[in-house]
Structures are given as C-alpha cells and as structure tokens.
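Subject: Structure handover

Hello,

Here is the structure I said I would pass on. Please look it over; my notes on what was found in it follow below.

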Protein chains: 2
Amino acid sequence: MDRLFQAFADSTRRDIVRRVTAREYSVSGLAALYAMSFAAVQKHVAVLERASLVTKEKRGREQIVRGNHEGLEKARRLLDEYEHIWRQRAARMADILAEG
Amino acid sequence: MDRLFQAFADSTRRDIVRRVTAREYSVSGLAALYAMSFAAVQKHVAVLERASLVTKEKRGREQIVRGNHEGLEKARRLLDEYEHIWRQRAARMADILAEG
DNA sequence: CTAACGTACAACCAAATGGTTGTAGATAAG
DNA sequence: CTTATCTACAACCATTTGGTTGTACGTTAG
C-alpha cells in the first residue's frame, strides 16, 4: 500500500498512469513528453511497476509500458473501505439524533 | 494531489485516518496507540491536515482530531477518472475486435 | 559492418521524509 | 499556587526521493 500511494504522489507519475491506461507507450515515447531526462522517466516507470500500476513488456529494442488495472483496483478498494467507515459513522450519528 | 496521496503513503497515517473517521481522538489519544513519540504522531496528523484528510479543533487543552471527508472524496474522484479511462480503452478494444 | 536508437544501471546531489530529543506555553487538576 | 497534562515547535539525524550525468549493452537501420 505504501508503494501504491507513494506512486500516485507525483504528478508526472499520475500523468504517465493516465496515458498508459488509455494506450501503450514505449519508455522513450513517454520520456519525450516530459521536460526531464530519459533516466528520470525510466525511474518513474520503475516506481509505477513496483506499485503494480503499470507493466513493461519487451518488444524488439523497445520496452512497452501499459496500464495495470490491479494497482488501481487495490487503491480503490482501500478508499471504498474508508468511505464505508464514514457512512457507518454517519448512520450512528443519525441514530443518536433519532433517539434524542 | 501530491500532498493527498503522499498522506496515504504511510501505514501509520492510514491507520489514523481509519480511526478518526470512525470517531474523534485527541492528538495524545492517538499518540498512545503507536510505538513512537508524541511529536512523531503530531507530525503525521499535520500531514493529514494539510492533505484535507483530517481536521483539528481545539477543545480545552486538547486538540480534537476528526476525519475530513473532503480529501477522501478528492482521491476517489481521481481514481474514478482513471477507471473511466480504463473502461473507455476496454470498449475501444472490444470495438476493434468486433470489426475484425 | 557501422551507426543510431532504446534501454539499463551506477554514481552523485539537493531536498524531503520520518523519526528523535529538548524546550516552552496553555490549560486543567490537586 | 503548584504540578501535571497536552500541545507546539525547533534542531538534529538517517534514509528516501527525484533529479542529473555517464557508461555499457542489445537491437535495428543504412
């Protein structure tokens, strides 16, 4: 979870996730989009890969990056859980108000 | 957004969010729950506050911490957006398969 | 074959992070 | 009043993070 949310905590990485979710990119294809070195983008992709938000697949001399639904789902489930706790509390509050 | 996801990227902070979403705690009440100094917990709460995941309210000499739905909602909306992009891509893929 | 391209990885650097201890100020309790 | 409690904040430290440059290696193009 730490790695997962850490991965989202950077605007460049969120942008990469957004792009590779819509269609595939090579690492250099991604690197061309940002005002930073290839190596920096490479590191961002590695962070996303470790967080299961992205997968890499070698194709010839290129490395193809694609969105990975797994990480996204995991994050959503956690937020849903918190949302659930929130609604339970809201319901309890409503009960208390109804009693009083 | 950086601050928001950064705030989630620590298990202690996620636990604090979980707890204060269910009911209110003082800062020292929270500090008692973890094997770290009061100051450390205080910092975690500050991080959560800056991320709009928590609010603090002074009550006597205590500072009461409560969950703040705002940040949670914001994070959910972003993940929902990504989910939407994912489904669009899935739909496009299905179309292509249908054509071919 | 040779040159260019795409990638991997190491070394380095400044800044941020997560923790500590210590000091000081308000407020509550005895 | 005095003491204990709760909080704030500064200073410090080790580690991680986000970036850089440089080097090396496999793959494709000419």
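I begin with a contact between the chains: Val17(A), Arg18(A), Thr21(A) and Ala22(A) of α2(A) meet Tyr82(B), Ile85(B), Trp86(B) and Arg89(B) of α5(B). Sorted by class, this contact of α2(A) with α5(B) holds five nonpolar, one polar and two charged residues. Please keep in mind that this is a predicted model.

The geometry of that pair is as follows. Two packed helices are described by the angle between their axes and by the distance between the axes. For α2(A) and α5(B), residues 69-99 of chain B, the angle is about 20° and the axes are 8 Å apart. Angles under 35 degrees count as roughly parallel, and α2(A) and α5(B) are therefore roughly parallel to each other. The crossing of α2(A) past α5(B) is right-handed.

On the α5(A) side the contact is made by Tyr82(A), Ile85(A), Trp86(A) and Arg89(A), and on the α2(B) side by Val17(B), Arg18(B), Thr21(B) and Ala22(B). The classes in the contact of α5(A) with α2(B) are five nonpolar, one polar and two charged residues.

The interface as a whole

In total, 25 residues of chain A are in contact with 25 residues of chain B. On chain A, the elements that each supply at least two residues of the side touching chain B are α1 (2-8), α2 (11-22) and α5 (69-99). Of that side, α5(A) gives the most, with 10 residues. By class, the side of chain A that touches chain B has 12 nonpolar, five polar and eight charged residues.

How the two chains are related

Two copies of a chain are related by a rotation about an axis and a shift along it. The same surface serves both copies, since 100% of the contact residues of chain A recur in chain B.

The DNA strands

Which residues come nearest to DNA strand C? Of the 22 residues around DNA strand C, they are Ser28(A), Ser37(B), Ala39(B), Ala40(B) and Gly60(B). Two or more residues of the surface near DNA strand C come from each of α3 (27-31), α4 (38-50) and β3 (62-67) of chain A, and from α4 (38-50) of chain B. The largest share of this surface is that of α4(B), with five residues. The surface near DNA strand C divides into eight nonpolar, nine polar and five charged residues.

DNA strand D is surrounded by 22 residues, of which the closest are Ser37(A), Ala39(A), Ala40(A), Gly60(A) and Ser28(B). The elements giving two or more residues to the surface near DNA strand D are α4 of chain A and, from chain B, α3 (27-31), α4 and β3 (62-67). On this surface α4(A) gives the most, with five residues. The classes near DNA strand D are eight nonpolar, nine polar and five charged residues.

A helix pair within chain B

Lastly, α2(B) and α4(B) pack at an angle of about 70°, with their axes 10 Å apart. That makes α2(B) roughly perpendicular to α4(B), and α2(B) passes α4(B) in a right-handed crossing. In this pair Thr12(B), Arg13(B), Ile16(B) and Val17(B) of α2(B) meet His44(B), Val45(B), Val47(B) and Leu48(B) of α4(B). The contact of α2(B) with α4(B) has five nonpolar, two polar and one charged residues.

Regards

Terms used. Residues are numbered from 1 along each chain as its sequence is written. Chains are lettered from A and ligands numbered from 1 in the order in which they are written. This is a predicted model: local features need pLDDT of at least 70, side-chain atom pairs count only at pLDDT 80 or more; totals for chains, interfaces and linings use all residues. Two residues are in contact if their C-beta atoms, placed from the backbone, lie within 7 Å. Helices (H or I, at least four residues) and strands (E, at least two) are DSSP runs, numbered from the N terminus. Ala, Val, Leu, Ile, Met, Phe, Trp, Tyr, Cys and Pro count as nonpolar, Asp, Glu, Lys and Arg as charged, and the others, Gly among them, as polar. A residue is near a molecule or strand if its C-beta atom, placed from the backbone, lies within 6 Å of it. Axes are lines fitted to C-alpha atoms, for helices over the stretch in contact, and angles run from 0 to 180 degrees between N-to-C directions. Angles under 35 degrees count as roughly parallel, over 145 as roughly antiparallel, 65 to 115 as roughly perpendicular and the rest as oblique. A crossing is left-handed if the near helix is turned anticlockwise from the far one by less than a right angle, and right-handed if clockwise.
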